[in-house]
Amino acid sequence: MTGLIIAVAVLALFLTFKGVRIVPQAQNWLVERFGKYAATLSPGLNLINPVFSRVSAKIDIREQVLDLQPQGIITEDNAAVKVDGVLFYKILDPYKAFYGIEHLEFAISNLALTSLRSIMGRMTLDASLSLREKINAELLKILDEATDSWGTKITRVEIKDIMPPQDLQQAMTLQMKAERERRATVLEAEAQKEAQEKKAEGFKRAQILEAEARKESALRDAEARERLAQAEANAITSVAGALKSTGGDPLIYLLGQEYVKGLVRLGESQNSKMVILPADLIDSVRSIFKIKG
């Protein structure tokens, strides 16, 4: 009797162990019954038939990283390069990922490498080196569409490195050096050209300003001479009016006035030691003003 109880207890413990399944977070378990898919267990406590069911696969549904091994690829212009990359994927449907393809990672890796060869085989070396984002985007699109039937989502593809042969790297280095020197020369020439243009523009502006200054000065000089002539005309008119009563000649008056001013300036000159006045000075003044002696 005791043995039977122990056997029943052991059987119950065994059935409980086989029937109660605790699925960790970020995993899905696939259950088969009589060799056929029966259910997908979610994270947490689950119960299955302990006798006829079994867990056939434990699928990690977290995002995974797959490192692509470096591969030799020949570009469109026959340059042999070695390409290294990495991709990220996530299983969205554990049923398709397990029953839809055998060795999922191996399949994704091979599909990625063959697609990468196809993409870069249609590109030149320069394009391959400068258009990595385009390669990544095109490869991601191809892989995502191809792995959809496997219940897998390719989230990201990155080309880590594209390594040309050593001799080609040296040639590229020399080319880049020559290109940098050419750019430096062009920039220096452009700077000198700009400086010369600015210098010429400054000289032109200075010449224009100087011409405008001369023009303005000439206009003002002409205006001053005009006003002076007008003032002299007015003075002659006034003198003529004043001498009208004495019968004097205004022209003689003005000449006499200038004659007297000349004598004054001669007397004020520092080089003058002696000033000799003309003997007919008084007669000249009288003749100017028509004064009778």
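In the predicted model, the axes of helix 6 (residues 166-243) and helix 7 (residues 250-268) come within 9 Å and cross at roughly 115 degrees. Here axes are lines fitted to C-alpha atoms, for helices over the stretch in contact, and angles run from 0 to 180 degrees between N-to-C directions. Helix 6 is therefore roughly perpendicular to helix 7, given that angles of 65 to 115 degrees count as roughly perpendicular, those under 35 degrees as roughly parallel, those over 145 as roughly antiparallel and the rest as oblique. The crossing of the two helices is right-handed; a crossing has this hand if the near helix is turned clockwise from the far one by less than a right angle, and is left-handed if the turn is anticlockwise. Helix 6 contributes Ile236, Val239, Ala240 and Leu243 to the contact, and helix 7 contributes Pro250, Tyr253 and Leu254, where contact means heavy atoms within 4.5 Å. By class, the contact of helix 6 with helix 7 comprises 7 nonpolar residues, with no polar and no charged ones. In this classification Ala, Val, Leu, Ile, Met, Phe, Trp, Tyr, Cys and Pro are nonpolar, Asp, Glu, Lys and Arg are charged, and the others, Gly among them, are polar.

The model is predicted, and local features need pLDDT of at least 70, side-chain atom pairs count only at pLDDT 80 or more, and totals for chains, interfaces and linings use all residues. Residues are numbered from 1 along each chain as its sequence is written, and side-chain values use heavy atoms, with hydrogens and water left out. Helices (H or I, at least four residues) and strands (E, at least two) are DSSP runs numbered from the N terminus.

An open sheet is formed by 3 strands in the order 3-2-5, with antiparallel pairing. Its edge strands, each pairing on one side only, are strand 3 (36-41) and strand 5 (53-60). The twist averages 30 degrees from one strand to the next. Two strands are taken to pair if DSSP finds at least two bridges between them. Strand 2 (residues 27-33) and strand 5 run antiparallel and are joined by 7 bridges. Within the sheet, Asn28 stands opposite Ile59 in strand 5. The loop between strand 2 and strand 3 holds Phe34, which counts as exposed at 66% relative accessibility. Exposed denotes over 50% relative accessible area, buried under 20% and partly exposed in between (1.4 Å probe, protein chains only). The C-alpha atoms of Phe34 and Glu158 are 43 Å apart, with the two residues separated by 124 residues along the chain.

A further open sheet has 3 strands in the order 6-7-8, again with antiparallel pairing. Strand 6 and strand 8 (152-163) are its edge strands, each of them pairing on one side only. In this sheet the twist averages 20 degrees from one strand to the next. Strand 6 is joined to strand 7 by 9 bridges, and the two run antiparallel. Ile74 stands opposite Ala80 in strand 7. Helix 5 (residues 132-146) packs on the sheet and touches strand 7 and strand 8; the direction of helix 5 makes about 145 degrees with that of strand 8.

Positive phi values occur at two loop residues. Asn78, although not a glycine, has a positive phi of about 60 degrees. Asn78 lies in the loop between strand 6 (64-74) and strand 7 (80-91) and is exposed, with a relative accessible area of 65%. For His103, likewise a residue other than glycine, phi is near 55 degrees. The loop between helix 2 (94-99) and helix 3 (104-121) contains His103, which counts as exposed at 55% relative accessibility.

Ser109 is found in helix 3 and is buried, with a relative accessible area of 16%. Leaving aside neighbours within four places in sequence, Ser109 is in contact with Leu66 and Leu68. Val20 belongs to strand 1 (residues 20-23) and is partly exposed, its relative accessible area being 32%. With neighbours within four places in sequence again set aside, Val20 is in contact with Leu45, Asn46 and Leu47. From C-alpha to C-alpha, Val20 and Ala240 are 142 Å apart in space, at a sequence separation of 220 residues.
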